[in-house]
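Here is a short briefing to read alongside the structure viewer. Take a moment to turn the model around, then work through the notes by topic.

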Amino acid sequence: MIEKSGILEAPFPRLVAMELTRKCNLNCIQCRAFAEFRDYKNELSFEEVKRILREIRSLGQSIIILTGGEPLLRDDIYEIASFGSNLGLRMVLATNGTLNTPEIIKKMKNSGIMRISISIDGSNAITHDFIRGENGAFEGALNGIKIAKENGMEVQVNTTITKQNVDEIEGILKLSESLGAKSLHLFLLVPTGRGKDLEDQEISPEKYEEVLRWFSNQQKNYQMELRTTCAPHYYRVCSQLKQKPNKTNSDIKKHHTLSGTTRGCLAGVGFAFISHTGIVQTCGYMDLECGDLRKSSFDNIWKNSPVFLKLRELINYKGKCGSCEYIRSCGGCRARAFAKTGDYLDEEPYCIYTPKKLKRIN
């Protein structure tokens, strides 16, 4: 991603999340997709997925996040991963971990999957199982991570922060390190999907700021890569604290992971989301159609979607975000702005920072 005259140029998406299925064996209370354990109609076929992957590859060497639902419930998951890997795409997979077995991890590795992410939303079973909607989910996630590590699979831990678990973040961080996780990603709640019913569980903007400052200061204490998602103002916090937003090392750089990402909100700039029926969105948390892959190609949508083009032009951003000196590195969470006001170009509603100069940044 480069900038030219106030326009963020995006020749190809650094990350593309492909929702291969909505079917899931858990019932998480913050699920953006209302995923259930049932079959869903009209999901992308194997041939359609292959065509889309070819179109993505024609633009560049993206990271493809195979997600759901629970993507392991899709019968052709390994064939999809192998096809993408053979194209030269970096394939990673988001799973809840409860279905992991040594055989499944071996199949993942053989198909070219380089990393898996597993969510831990509590430092104990009581919190995690409540959030995940199933008893035994915590034990299943820990066991899934253990099996993955024992069989040579790189693991990333994801944690969505709410009032229910904000006091357990340090415990989750320590637990993730003890499990041998390669990285820990903190997600700040976006009130969409089932998460819309959790608006009263969102921590305050002031608490968000406190958490982000604390998290930034933890980087010196851990070998894991520490990152945030849906918290773009973390980049502003790190800049103010004179911290780097994430750790890097030669192994991470070599495998082309998320560490090279240099902007907070990547929606429509370095990231795209593809639904299980082929609808393209800026991200999974912003339910706004940017194109239909059954009617158009991915490369055409990426280059020409009016929503994507508006997001890449900094002068379009409104409120504090449009005046902020950190607009280039942060961008504000477009999905949270959309959820709160219906305008994805509005200011980030959970940032307490006041720009030094309240004027347009061009």
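A cavity here is a set of grid points where a 1.4 Å probe fits but cannot get out. With that in mind, this predicted model holds 2 cavities of 30 Å³ or more. The notes below start with the overall fold and come back to one of these spaces later.

**Overall make-up**
- The protein has 13 helices and 12 strands.
- Of its 362 residues, 58% are buried.
- Among contacts with a separation of 6 or more, 72% are between residues 24 or more positions apart.

**The sheet**
- Ten strands form an open sheet with mixed pairing, in the order β9-β8-β7-β6-β5-β4-β3-β10-β11-β12.
- At its edges are β9 (225-229) and β12 (291-292), each of which pairs on one side only.
- Strands of a sheet pair through backbone hydrogen bonds, and they can do so either parallel or antiparallel.
- β10 and β11 (residues 279-281) run antiparallel and are joined by 2 bridges.
- Phenylalanine 273 has glutamine 281 of β11 as its bridge partner.

**Helix α1**
- Helix α1 covers residues 46-59, and its 14 residues should span 20 Å at 1.5 Å a residue; the end C-alpha atoms are 21 Å apart, so the two values agree.
- The buried residues in α1 are Glu48, Val49, Lys50, Ile52, Leu53, Glu55, Ile56 and Leu59.
- Those buried residues are covered by elements including β3 (15-19), β4 (63-67), α2 (77-87), β10 (271-274) and α10 (298-304).

- By type, the lining of the second largest cavity divides into 8 nonpolar, 3 polar and 3 charged residues.

**Arginine 336**
- Arginine 336 lies in helix α13, which runs over residues 334-341.
- Is arginine 336 buried or exposed? Its relative accessible area is 0%, and buried means under 20%, so arginine 336 is buried.
- Which residues is arginine 336 in contact with, leaving aside its neighbours within four places in sequence? They are Leu188, Leu189, Val190, Pro191, Glu202, Cys230, Ala231, Pro232, His233, Glu348, Pro349 and Tyr350.

Note on methods
Residues are numbered from 1 along each chain as its sequence is written. This is a predicted model: local features need pLDDT of at least 70, side-chain atom pairs count only at pLDDT 80 or more; totals for chains, interfaces and linings use all residues. Side-chain values use heavy atoms; hydrogens and water are left out. Helices (H or I, at least four residues) and strands (E, at least two) are DSSP runs, numbered from the N terminus. The expected span of a helix is 1.5 Å times one less than its number of residues. Buried means under 20% relative accessible area, exposed over 50%, partly exposed in between (1.4 Å probe, protein chains only). Contact means heavy atoms within 4.5 Å. On a 1 Å grid over the protein atoms alone, a cavity is a set of points where a 1.4 Å probe fits but cannot get out, and a pocket is an open set with protein on both sides within 12 Å along at least five of seven lines; lining residues have an atom within 4 Å of a point. Grid points are joined across faces, edges and corners, and a volume is the space filled by probe spheres set on the points. Ala, Val, Leu, Ile, Met, Phe, Trp, Tyr, Cys and Pro count as nonpolar, Asp, Glu, Lys and Arg as charged, and the others, Gly among them, as polar. Two strands pair if DSSP finds at least two bridges between them.
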